[in-house]
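Dear colleague,

Please find below the structure that I am handing over to you, with its sequence. My findings follow.

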Amino acid sequence: LLDHQAGLFQTVKDISVAELRTNTIILAKVANLMKIPVITTASVPTGPNGPLMPEIHQNAPDAIYVPRTGEISAWDNKKFVETVRKTGRKTLIIAGVWTSVCVAFPPLQAKAEGYKVYTVMDASGDPSEMASRTTLARLAQAGVVPVSTNMVFCELQRTWNRPDAAAFGALYGAYAPNYQAVMESYQKAQEALK
């Protein structure tokens with residue numbers, strides 16, 4: 001999760017900041033639930049880009065924060081790449097702010113090094129819809145797969161026949177408040193039948 005920072009959020013115009021934050025929190029929660037390593041980094045967190053949103057590390061307490069020393073692309077930071085390699089994973093799921101910079105460069109570089117890369121478009125934000133659309137096209141042409149937050153956690157869940165199904169249900173409710181209303185209505189109907 002790259003550069004989800006308070007200052008950068010103020011420049012995001014292609015998705016509401018509330019939705020961006022919610023989707024990022026959901027990714028942190030599902031990663032924690034599925035024991036998927038989370039790596040975070042921030043671009044100049046003591047400057048105008050601001051601090052990393054705290055909810056990431058609150059919901060993925062084992063997340064590893066990698067400080068950068070001025071690199072715009074996290075992939076240009078040797079410690080970041082080493083941290084990714086230490087996970088042993090060859091598939092990366094990347095989201096962040098700005099989509100056209102912080103989210104675009106690492107996937108392109110990782111893809112060139114043989115990683116399978118997914119970018120979570122609705123947990124990423126950009127200063128304009130045009131910037132986001134052109135970045136999406138560039139990433140797709142390079143073989144990076146665009147996905148949504150919902151797609152990520154549904155693909156990881158695979159079935160409701162699992163002991164943590166309720167935790168996944170809570171993720172659906174957070175992602176789609178209207179679905180939360182459906183679940184509440186169903187629960188009340190079931191209680192009324194008793």
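In this predicted model, I begin with a contact between two helices: Gly169, Tyr172, Gly173, Ala174 and Tyr175 of helix 9 meet Pro177, Tyr179, Gln180 and Met183 of helix 10. Sorted by class, the residues of this contact are six nonpolar and three polar, with no charged residue.

On the side of helix 8 the contact is made by Thr149, Asn150, Phe153, Cys154 and Gln157, and on the side of helix 9 by Phe168, Leu171, Tyr172 and Tyr175. By class, this contact has six nonpolar residues, three polar ones and no charged ones.

Which residues of helix 9 are buried? They are Ala165, Phe168, Gly169, Leu171, Tyr172 and Gly173. The cover over these buried residues includes helix 2 (17-34), helix 8 (149-157) and helix 10.

Phe153, Trp160, Tyr172, Tyr175 and Tyr179 form one aromatic cluster. The structure as a whole holds six aromatic pairs. One of them joins Tyr172 and Tyr179 in a tilted arrangement, with 5.8 Å from centre to centre and 55° between the planes. The two partners can also be described by their accessibility. Tyr172 counts as buried because its relative accessibility is 15%, and buried means under 20%. Tyr179, at 36% relative accessibility, counts as partly exposed. A further pair is listed here with its geometry: Trp75 and Phe80 are edge-to-face, 6.3 Å centre to centre, with 75° between the planes. Trp75 and Phe80 are both buried.

In soluble globular proteins, nonpolar side chains tend to be buried together. The largest nonpolar core in this model has 24 residues, and Leu27 and Val120 have the most contacts inside it. Helix 1 (6-9), helix 2 and strand 4 (116-120) are the elements that give two or more residues to this core. Helix 2 provides the largest share, five residues. Apart from this core lies another, of 18 residues, among them Leu2, Ile94, Ala104 and Val117.

With residues up to four places away in sequence not counted, Leu27 touches Leu1, Ala95, Val120, Ala123, Thr149 and Val152.

Two loop residues complete the account. Pro37 is placed in the loop between helix 2 and strand 1 (39-40). With a relative accessible area of 38%, Pro37 is partly exposed. Pro37 and Gly88 are 51 residues apart in sequence, and their C-alpha atoms are 9.9 Å apart in space. Neighbours within four places in sequence aside, Pro37 is in contact with Thr87 and Arg89.

Where is Glu71 placed? Glu71 lies in the loop between strand 2 (64-65) and helix 4 (78-86). Glu71 and Leu2 are 69 residues apart in sequence and 12 Å apart in space, C-alpha to C-alpha. Leaving aside neighbours within four places in sequence, Glu71 is in contact with Asp76 and Asn77.

With kind regards

Notes:
Residues numbered from 1 in each chain as written. Predicted model: local features only at pLDDT ≥ 70, side-chain atom pairs only at ≥ 80, totals over all residues. Heavy atoms only, no water. Contact = heavy atoms within 4.5 Å. Helix = DSSP H or I, 4+ residues; strand = E, 2+ residues; numbered from the N terminus. Nonpolar A, V, L, I, M, F, W, Y, C, P; charged D, E, K, R; others polar. Buried < 20%, exposed > 50% of the residue type's maximum accessible area, 1.4 Å probe, protein only. Core = buried A, V, L, I, M, F, W, Y, C linked by side-chain atoms within 4.5 Å. Phe/Tyr/Trp six-rings, centres within 6.5 Å; stacked < 30°, edge-to-face > 60°.
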